[in-house]
Amino acid sequence: MPDMNSWPTGRLLSTAARLVEHSWNEKLAHAGLTHAGVIALDVLSRAEEPMSQAKIAQRVRVQNQTMGKTLTRLEAWAYIRRQPSPSDRRSQVVSITDLGARVISEAREVDRTVLTHSAADGGNLRKELQAIVHLLASNARQNPATGNYTPPRTYR
């Protein structure tokens with residue numbers, strides 16, 4: 001294991017995130033889920049009504065095209081349903097299916113257990129990460145044309 005004492009905080013965060021994501025993907029592969037799919041299903045499960053792909057991408061803070069690929073995989077597993085938008089027949093809205101609601105419950109259990117064997121205090125870690133996300137998200141810019149977020153440039 002490399003000496004991580006000299007690693008910048010960003011490297012520690014991104015490495016930890018990749019390893020947690022990899023663990024999630026392994027534990028959910030039997031259900032055809034990935035970390036990205038879990039996040040999209042979580043957003044849909046908490047929504048009061050079907051949402052557009054663009055709205056889901058905005059809430060997840062990814063590009064619309066990236067969300068499209070995730071939704072295609074979720075639709076192939078029958079976790080979501082796409083249907084014409086009642087307000088604009090040219091676009092579609094996405095909703096979670098009953099099967100999707102069941103699988104997101106399983107995924108939430110994986111989330112609760114993925115760091116069980118870690119020395120980290122999961123509750124405190126969540127609070128710290130929430131604070132980081134809140135702080136950095138408030139410093140981000142939203143592109144009004146796409147609804148996507150772009151972090152501010154800090155280099156020249």
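**Ground rules.** I am working with a predicted model, in which local features need pLDDT of at least 70, side-chain atom pairs count only at pLDDT 80 or more, and totals for chains, interfaces and linings use all residues. Residues are numbered from 1 along each chain as its sequence is written, and side-chain values use heavy atoms, with hydrogens and water left out.

**Fold.** I found six helices and five strands in the protein chain; these are DSSP runs numbered from the N terminus, helices being H or I with at least four residues and strands E with at least two. Their order along the sequence is α-α-β-α-α-β-β-α-α-β-β. Of the 156 residues, 25% count as buried (buried is under 20% relative accessible area, exposed over 50%, partly exposed in between, with a 1.4 Å probe and protein chains only). I also looked at contacts, meaning heavy atoms within 4.5 Å. Among contacts with a separation of 6 or more, 47% join residues 24 or more positions apart.

**Core.** Which residues have the most contacts inside the largest nonpolar core? They are L33, L41, I56, L71 and L74, in a core of 24 residues. By the rule I used, a nonpolar core is a set of buried Ala, Val, Leu, Ile, Met, Phe, Trp, Tyr and Cys residues joined through side-chain atoms within 4.5 Å. Two or more residues each come from helix 1 (9–28), helix 2 (35–46), helix 3 (53–60), helix 4, strand 3 and helix 5. Helix 2 gives the most, with five residues. I then followed L41: beyond four places in sequence, L41 touches L33, L74, Y79, I80, I96, G100, V103 and I104.

**Salt bridges.** I counted four, taking a salt bridge as a side-chain nitrogen of Lys or Arg within 4 Å of a carboxyl oxygen of Asp or Glu. D42 pairs with R46 at 3.0 Å, N to O, and both lie in helix 2, four residues apart, about one turn of the helix. D42 is partly exposed at 22%, while R46 is exposed at 59%. R108 also bridges to D42, with the closest N and O atoms 2.7 Å apart. R108 lies in helix 5 and D42 in helix 2, so this pair ties together parts that are 66 residues apart in sequence. Shared partners join D42, R46 and R108 into one network. I noted R90 with D88 as well, at 3.1 Å between the closest N and O atoms; R90 is exposed at 78%.

**Surface.** The accessible surface comes to about 11000 Å², 54% of it belonging to carbon and sulfur atoms (Shrake-Rupley method, 1.4 Å probe; for residues, only the protein chains shown count as cover).

**Two residues.** E75 is in helix 4 (residues 64–76) and is partly exposed at 35%. Outside four places in sequence, E75 contacts I80 and R82. Is S95 buried or exposed? S95 is buried, with a relative accessible area of 13%, and sits in strand 3 (residues 92–96). Leaving out residues up to four places away, S95 touches L44, P50, Y79, I80 and R81.
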